[in-house]
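Subject: Structure handover

Hi,

Here is the structure I promised to pass on. Could you open it alongside this email and check my notes as you read?

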Amino acid sequence: MEPRTLKFCSKLLFATAALSVLQLGAFAQGNFCTRYPVGSTFAEPRALYSTDGKLTVDLSYHTQIDSSGNPLYCFVTKDGTQSPTLHVHPGDELIINFTNVVPYGASPSRHMRTMPAMSMTVGPPTECGPKPMNETSVNMHFHGTNVAPVCHQDEVIQTVINSGEGFRYDLRFPADEPPGLYWYHPHIHGMAEGAVLGGASGAIVVDGIENANPIVAGLPQRTFVLRDNVVPGNPTPGGPVPAWDISLNYIPIPYPSFTPVVLPMKAQGREFWRVVNAAADTIYDLQLRYDGVPQPFTVVGLDGVPVGSQDGTGRGKSYTAWHFLMPPGARAEFVVTGPSTKVKTALLYTANIDTGPFGDNDPERPIALIKASSQGPVKSAMMTMPAHTGILPLERFSGLDRAVPTTSRKLYFSEVLSNPSDPSSPTNFFITVDGATPVLFDPANPPAIVTTQGAVEDWTIENRSEENHEFHIHQIHFLQLEENGRLVSNGQYLDTIQVPYWTGTGPYPSVKVRMDFRGPTVGDFVYHCHILGHEDNGMMAIIRVKPAH
């Protein structure tokens, strides 16, 4: 378990490392990782679209120090665009010509709660094989996508790209990839938290959700990328002091002012919002409030899958939510109706979240102040959803709710001080198959779970610690079945789900999910807690899917 004092000390360590970088004068590569001023008007990320079944993007990976002495990280195109939204269709090819230009000596600890052991090499180095890590190392994960865990696609266990190196990603999206929202970010174990805190993330949209659910067709659309970052000055979290500051599309919403982003909107106009929680550690609980009155979200997509589209008809449904809990890594797509001009204060905000005695402090904060007018925002600043064509998307997970499980497993999250006799020692984080010995993640570890292509498995995931954990699995989706032993009435297809903290007495909180290994995915990939400070410190494991024949 990790007391707040330990987290505060780790923040001081990060700030000290960043300051030493400043003193070295190491950042001479320019202001690539720019941020907007506090209180800026909402800015849509630049969108890049595939044509004729292919999208090719040149991305370089940069770092610099901000005015508070904290490191920033970013993916930048040749023309200087930062973290573009990548639009593809099911069946498309996405090529990313990637270059790591982070110079040696310029990368601090990236807010790693413990420094990584630079010993990833377990054999002869190859392009996608074991290779030494260093402080510049990076790779890319394409979160939620159902692409293959193989070299040059979505392989994160061994792929390491160091300073000065180039790498070609060539992702082949399945023809039955659900239309919806995904995202990309670095995934070097031991270094993921700092890179994502620094802002290295962007959205991916698999187009076509208007065909699954026509209610979004023709609507103005927006992409919200919610991030987090280190609070300047590293104040001790508690009360209104958050563990992490937050931002929307690189517009800061800093402590203590919490000045929201300005969001122009047509009065009583309907819009389609795509929201990704690209935070490293922060949980969001989104709510919309007009003059203090809660407003509904009409939810049409979760974690890249149109709601209700996997029942055999291919047609999406929707449901009404009055708030939406988003663990790190989660995505939600919903329709909202703007306030009337009579509304004095219209706010999108995140509510206070009880993360447990040893969890981060995620207090209530505004995100966006909606300014309604009869004309709304300038049309050139808005993107519009395509018209409904009537062509239904293919169903990737159809029939999973009725499938007979081939096996059941129990896994659990746990934490322990690395030196139980020393309260100031770092915390070790584990995700363990029940009955096995807890081990910290290492890329040389054997798979913790071995299954076979075509399997359908029910996993019960418990939280045996006193802070929230967020279960995420790469390459596949799962269907939520139960929460704390009770059937859920509206289970959804997800790739990320929260398991609430244990109070210290009584049954462990749990979720039960149905894992779908019926697709073409084979090979080794990972599952972990998507609070990246926990993943970096051990809370990850490998699963191996063997071919059916």
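Let me start with a salt bridge (a side-chain nitrogen of Lys or Arg within 4 Å of a carboxyl oxygen of Asp or Glu): Glu462 and Arg464 form one, at 2.9 Å from N to O. Glu462 is buried, with 10% relative accessibility, while Arg464 is partly exposed at 22%. My cut-offs there are under 20% relative accessible area for buried, over 50% for exposed, and partly exposed in between, with a 1.4 Å probe and protein chains only.

Before you go further, note that this is a predicted model, so local features need pLDDT of at least 70 and side-chain atom pairs count only at pLDDT 80 or more, whereas totals for chains, interfaces and linings use all residues. Residues are numbered from 1 along each chain as its sequence is written, and side-chain values use heavy atoms, with hydrogens and water left out.

More on the salt bridges: the whole structure has 22 of them. Asp458 pairs with Arg514, with 2.7 Å between the closest N and O atoms. Asp458 sits in strand β28 (456-463) and Arg514 in strand β34 (510-516), so this pair ties together parts that lie 56 residues apart in sequence. Both Asp458 and Arg514 are buried. Strands here are DSSP runs of E with at least two residues, and helices are runs of H or I with at least four, numbered from the N terminus.

Lys512 also forms a salt bridge, to Glu482, with the closest N and O atoms 3.9 Å apart. That one links distant parts of the chain too, as Lys512 is in strand β34 and Glu482 in strand β30, 30 residues away. Lys512 is partly exposed, at 23% relative accessibility. There is also a network in which salt bridges with shared partners join Lys54, Glu93, Asp170 and Arg172.

Now the inside. I call a nonpolar core a set of buried Ala, Val, Leu, Ile, Met, Phe, Trp, Tyr and Cys residues joined through side-chain atoms within 4.5 Å. The largest one has 61 residues, and Trp273, Ile367, Trp459, Phe471 and Tyr527 touch the most other members. Strand β15 (284-290) gives the most to this core, with 4 residues. Apart from it lies another core of 29 residues, including Phe75, Leu94, Tyr169 and Tyr182.

What does Trp459 touch? Setting aside neighbours within four places in sequence, its contacts (heavy atoms within 4.5 Å) include Arg409, Leu411, Ile449, Phe471, Lys512, Phe517, Tyr527 and Ile543.

On to a sheet: an open one of 5 strands runs β27-β36-β35-β29-β33, with mixed pairing. Two strands count as paired if DSSP finds at least two bridges between them. The edges are β27 (449-452) and β33 (496-499), each pairing on one side only. β27 and β36 (540-546) pair in the parallel sense over 4 bridges, and Thr451 stands opposite Val545 in β36.

The Tyr255 to Pro256 peptide bond is cis, with omega near 5°, and Pro256 is in the loop between β12 (251-253) and β13 (261-266). His152 is a non-glycine residue with positive phi, near 75°; it is found in the loop between β6 (141-143) and β7 (166-172) and is partly exposed at 21%. Asn484 also has a positive phi, near 55°, and lies in the loop between β30 (478-483) and β31 (486-487).

Cheers
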